Amino acid sequence: MSVTEHPPLAARTPPAKARTPLVRLLFGDVLSALLTLLALGLILALLPALNWAVLDAVWSTEDPDTCRQGGACWAYVQDKARLILFGIYPPEQHWRPLLVIGLILAMVLASLSPRLWGARLLAIWGLSLLAMLGLMRGGFLGLPLVPTSQWGGLPVTLLLAVLSLGIGFPFAVALALGRRSALPVPRLVSVGLIELVRGLPLVGVLFVASILLPLLLPEGWTIDKLGRTLAALTVFAAAYLAEVIRGGLQGVDKGQGEAAQALGIPFWKTIWHIILPQAIQKVIPPLTNTAIIMVKNTSLVMIVGVFDMLGAGRAAAADPAWPAPYTETYLFVALMYFLICIAISLYSRWLEQTVKNRSHS
Amino acid sequence: MTAIAVSGLNKWYGSYHALRDIDLTVAPGERIVVCGPSGSGKSTLIRCLNRLEGHQSGSIVVNGTPLTDDLKNLSAVRREVGMVFQHFNLFPHLTVLENCALPQILARGTRRAEAEARARRYLERVRIPEQSAKFPGQLSGGQQQRVAIARALCMEPRVMLFDEPTSALDPEMIKEVLETMIALADDGMTMIVVTHEMGFARRVADRVIFMDAGQIMEQASPEDFFGNPHHARTREFLEQIVH
């Protein structure tokens, strides 16, 4: 039997898609037309705000009184930026918190690529966070001691967010594993802790940590207020992260654990090298969500008297020399939060794509 | 010296009696094919042999080590017994090379350089050395199963268990996996293979075991098994799968 030779198939491209004209896009049907008009109306309504923020704004001045004409007073933000960013940290020592912010950014940048992830990177993070705390506190090598009660602003916000998520994460993993354990004691303890913490508002946890905890401790014991606040945030982060990670663990095929078992890989090494990396890859979007929420949650520490960025901003705005520029302060602080959160969000999108490209193509 | 000695093995899932009074002795170098209808307990049997499933009564001795809840015995047995799964169970977040190298490092503390060299050697042996930098998801099913075989071989086991290794594969990929297994059998590996590939059974098996309802109904050489099956259930089963 002879085989017929087929000529090679010619390459064909799909037909070009016609572009919709702009007018049709905006007013093509009733709903589009309504939405377009609504958007235009919104823009018009916002024009006075634009006037306030840009045209009538005072951008720089030496004299606070020029700010009393009704426009936005960006000169004030300029004047108080250091106070908002660093709180009541001694001004001549501001290079220290600035360096800490730089270090956090550098560490974050250095940790972006999943290629570098591993026990070594975790150790470097641990050491550099200790170094940052040391740098903030001082009291050695000729650095004047700055007690945590004088820390404030952006470094406090960043340190609280990074430390609560970072310290909370291993606890979250332990809680998630505990909740899935076949052994009754770890399971009950995990379920109890997770549900208890999730059932409490963060404000409540913060009050318990900052007011109740010192009363419960034996005479003569004190824990730093910032430390107590961090502990409360960490417990809170751990409970939420635990549920996210549990979702990821459930998504890992049980054949993975069986294959590792059959190869003789010990239990904890299986968890660390085989199960967890896959579980975490599956829950990057909800992990990002929790991270962003925790960054913003740090602003609640203000109510127990810790000067995070928002607290420092409010303190700055209270200066009687300026005409109560609260709106400008909040906008500036909001912009800072927005930049942090959008950066986390963009990174997580990139990470998700990278992970996806790597394992399925 | 026997490679595997099973006697009086019974296993229940709840009240369901999955394995009944199994007696089985496997000599070193012996190749055994286990077949039977689905739900007959054949997968459960080989999963008991490296204790992915526990059993309730009877004894299993692998290379002289009894399988009990004793963790030291268990890791000794798992070091000697490799397993290949129906769905490959490769680690999707690791490259092919790392799939083969990392288990050696984690389970035995092998140095990385040595583990990678061995991984490359066995990937060569299953004839896919060129795929070592890829991730499992980028490979065809047949290639993935060959990586899974290489991964198991990297632990240098004395016995290999195959749990329906070709059932999840597209027809055109079954051959490449069977060829790899035949080459392994020709090298003298002790193998227990759960499969419906009767061609493979005829070609390499020293003994074919037919299971039904958790029992071993019949065991014989391939010639006898296919030429002169004793049991009515065996004949019925063979008629169903060999058209």
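Visitor: How many salt bridges are there between chain A and chain B?

Guide: Keeping in mind that this is a predicted model, the count between chain A and chain B is one salt bridge. Arg47(B) forms a salt bridge with Glu258(A), and their closest N and O atoms are 2.6 Å apart.

Visitor: And how many residue pairs are in polar contact across the interface?

Guide: The rule finds six residue pairs in polar contact across the interface of chain A and chain B. On the side of chain A that touches chain B, α10 (254–262), α11 (267–282) and α14 (326–359) each supply at least two residues, and α10(A) gives the most, with seven residues.

Visitor: What about the area the two chains bury between them?

Guide: Chain A and chain B bury about 2,000 Å² between them, with 61% of that on carbon and sulfur atoms. Of the area that chain A buries against chain B, 29% is supplied by Ala262(A), Leu263(A) and Arg358(A), more than by any other three residues.

Visitor: Changing topic, which residues of helix α2 of chain B are buried?

Guide: In α2(B), which covers residues 71–80, the buried residues are Asn73(B), Leu74(B), Val77(B) and Arg78(B). Seen down the axis of α2(B), the buried residues fall within an arc of 130°, so they line one face of the helix.

Visitor: What covers those buried residues of α2(B)?

Guide: The cover includes elements from both chains, namely α10 of chain A together with α1 (42–49), β4 (57–62), β5 (65–66) and β6 (81–84) of chain B.

Note on methods: Residues are numbered from 1 along each chain as its sequence is written. Chains are lettered from A and ligands numbered from 1 in the order in which they are written. This is a predicted model: local features need pLDDT of at least 70, side-chain atom pairs count only at pLDDT 80 or more; totals for chains, interfaces and linings use all residues. Side-chain values use heavy atoms; hydrogens and water are left out. Buried area is the accessible area (1.4 Å probe) that two parts lose on being put together, summed over both. A salt bridge is a side-chain nitrogen of Lys or Arg within 4 Å of a carboxyl oxygen of Asp or Glu. A polar contact is a pair of N or O atoms within 3.5 Å; within protein, one must be able to donate a hydrogen and the other to accept it, and residues adjacent in sequence count only if both atoms are side-chain atoms. Helices (H or I, at least four residues) and strands (E, at least two) are DSSP runs, numbered from the N terminus. Buried means under 20% relative accessible area, exposed over 50%, partly exposed in between (1.4 Å probe, protein chains only). The arc is that of the directions from the helix axis to the C-beta atoms. Contact means heavy atoms within 4.5 Å.
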